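Reader: Hi! Could you walk me through this protein? I'm new to reading structures.
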Amino acid sequence: MAIHSTSISAEHYRAAATQVSRRLGDETVLLDLAGSVYYSLNDVGSLVWEQLQTAHTLAELCEVVQARFDVEAAACEADLRQLLNELLERGLVETLEGPIP
C-alpha cells in the first residue's frame, strides 16, 4: 500500500501519524508534531476528523456529514475536498491507495 501526502485524488484518507489532536467542546485542535503548528477545526471539521482516525473515502465522509448536517451533496463534496486538501498540505492527513483492510 502506497502512502502519499500531496494528492487529493487518492481513494482513502486518514489522519497522519505525525500529529496529535484534542477535542475542545465543538472544535478540535490539531498539532503537527513535525512543524509545531496548531490547526483548529469547527464542529463539522471535528466530525470529519473523528472519522479520519481510520481510512475513509470522500464519499464515506460525505455520507457521515450529510447524516448529521443539512448540506447538499455537491456542496459537501466541495467543502470536504477543500478541507482534505488543506490538511494534506499541512501534513495532518495522508492518502492511501489500494485495498484498505
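Author: Happy to! Keep in mind that this is a predicted model. Let's start with the pocket: the lining of the largest pocket has 8 nonpolar, 4 polar and 2 charged residues.

Reader: Okay, and how much space lies in the largest pocket?

Author: About 260 Å³. Among the 14 residues lining the pocket, Asn-42, Val-44, Gly-45, Asp-79 and Leu-83 are the closest to its centre.

Reader: Which elements give two or more residues to that lining?

Author: Those are strand β5 (37-41), helix α1 (43-51) and helix α3.

Reader: And which one gives the most to the lining?

Author: That's α3, with 6 residues.

Reader: Is their crossing left-handed or right-handed?

Author: The crossing of α2 and α3 is right-handed.

Reader: Which residues make the contact?

Author: From α2 you have Leu-58, Leu-61, Cys-62, Val-65 and Gln-66. On the α3 side, the contact is made by Ala-73, Cys-76, Glu-77, Leu-80, Arg-81 and Leu-84.

Reader: How do those contact residues divide into nonpolar, polar and charged?

Author: In the contact of α2 with α3 there are 8 nonpolar residues, 1 polar and 2 charged.

Conventions. Residues numbered from 1 in each chain as written. Predicted model: local features only at pLDDT ≥ 70, side-chain atom pairs only at ≥ 80, totals over all residues. Heavy atoms only, no water. Left-handed = near helix turned anticlockwise from the far one by under 90°. Helix = DSSP H or I, 4+ residues; strand = E, 2+ residues; numbered from the N terminus. Contact = heavy atoms within 4.5 Å. Nonpolar A, V, L, I, M, F, W, Y, C, P; charged D, E, K, R; others polar. 1 Å grid on protein atoms, 1.4 Å probe; cavity = no way out; pocket = protein on both sides within 12 Å on 5 of 7 lines; lining within 4 Å. Points joined across faces, edges and corners; volume = space filled by probe spheres on them.
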